[in-house]
Amino acid sequence: MLISNPAQAKTLGADLRALRKARGMTLTELAEALGRSVGWLSQVERDMSEPSISDLRAMARCLEVPTSMLFAHSSAPVQEQGYVVRSGARRPMGPGEEGLIEELLSPDLTDDFEMVHSTFQPHSEMQVPAQRPTQEVGYMISGKLDLIIGDREFTVGLGDSFRIRGEQYRWANPYSEPAVAIWVIAPPVY
């Protein structure tokens, strides 16, 4: 199938390649997991072919990202693609479970890092601690957030920043106001 919207597919192919590499998967491994040929997957990553909706769902499962991450490519003006993300065109990330709403601030996932806008709803908390092979820095732009990083507990608020370096962590917002943070994560994990 030829690409019907090259601007959309260009971002999709680059993001798929970045996600696959971030997971340490080869083209062959992902193609086998999808039941597709290496040639087909290579064409998708090089924006020469457009995957079906079913293919995108299967890719999202294999790459452990929400399907919305692969569907939500905006049609930014050509001169802005890869440079500017307008506030109304941010891509949603994750299912919004546990009261966390995330949006990608980076134009795509092809850099050595990603930047994420995270809103932690009032009276929400992470149920299961996470640990990823990343370095992350967060900057609080509103509200307060309780963090457990390793065996240390912190409360951070407006103007505070924090770092997580591959440690196990959890967050909670037991407060009445949403907490909003900007995160920089390297390497990209979404």
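Here are some exercises on the structure above, each with a worked solution.

Before starting, note that this is a predicted model, in which local features need pLDDT of at least 70, side-chain atom pairs count only at pLDDT 80 or more, and totals for chains, interfaces and linings use all residues. Residues are numbered from 1 along each chain as its sequence is written, and side-chain values use heavy atoms, with hydrogens and water left out.

**Exercise 1. Find the order of the strands in the open sheet, and say which strands are at its edges.**

Step 1. Two strands pair if DSSP finds at least two bridges between them.

Step 2. Follow the pairing across the six strands: the order is E1-E2-E3-E10-E5-E8, and the pairing is antiparallel.

Step 3. Look for strands that pair on one side only: these edge strands are E1 (91–93) and E8 (161–165). From one strand to the next, the twist averages 25°.

Step 4. Zoom in on E3 (residues 114–120) and E10 (residues 179–186), which seven bridges join. Here Thr119 stands opposite Val180 in E10.

**Exercise 2. Work out how helices H2 and H3 pack, and which residues meet.**

Step 1. Take the axes, which are lines fitted to C-alpha atoms, for helices over the stretch in contact, with angles from 0 to 180 degrees between N-to-C directions. For H2 (residues 27–34) and H3, the angle is about 110° and the axes are 9 Å apart.

Step 2. Classify the angle: under 35 degrees counts as roughly parallel, over 145 as roughly antiparallel, 65 to 115 as roughly perpendicular and the rest as oblique. H2 and H3 are therefore roughly perpendicular to each other.

Step 3. List the contacts (heavy atoms within 4.5 Å): Leu27, Thr28, Leu30, Ala31 and Leu34 in H2 meet Val38, Trp40, Leu41, Ser42 and Glu45 in H3.

Step 4. Sort these residues: seven are nonpolar, two polar and one charged. In this scheme Ala, Val, Leu, Ile, Met, Phe, Trp, Tyr, Cys and Pro count as nonpolar, Asp, Glu, Lys and Arg as charged, and the others, Gly among them, as polar.

**Exercise 3. Describe the aromatic pair of Phe120 and Trp171, then the pair of Tyr169 and Trp183.**

Step 1. Set the rule: rings of Phe, Tyr and Trp (its six-membered ring) pair if their centres lie within 6.5 Å; planes under 30 degrees apart count as stacked, over 60 as edge-to-face and the rest as tilted. The structure holds three such pairs.

Step 2. Apply it to Phe120 and Trp171: at 4.8 Å centre to centre and 70° between the planes, the pair is edge-to-face. Phe120 lies in E3 and Trp171 in E9 (residues 169–173), so the pair ties together parts 51 residues apart in sequence.

Step 3. Check accessibility, where buried means under 20% relative accessible area, exposed over 50%, and partly exposed in between (1.4 Å probe, protein chains only). Phe120 is buried at 1%, and Trp171 is buried at 5%.

Step 4. Turn to Tyr169 and Trp183: their ring centres are 6.5 Å apart and their planes at 45°, so this pair is tilted. Ring pairs also link Phe162, Tyr169 and Trp183 into a cluster.

**Exercise 4. Locate His123 and decide whether it is buried or exposed.**

Step 1. His123 sits in the loop between E3 and E4 (124–125).

Step 2. His123 has a positive phi of about 60° although it is not a glycine.

Step 3. With a relative accessible area of 58%, His123 is exposed.

Key
Helix = DSSP H or I, 4+ residues; strand = E, 2+ residues; numbered from the N terminus.
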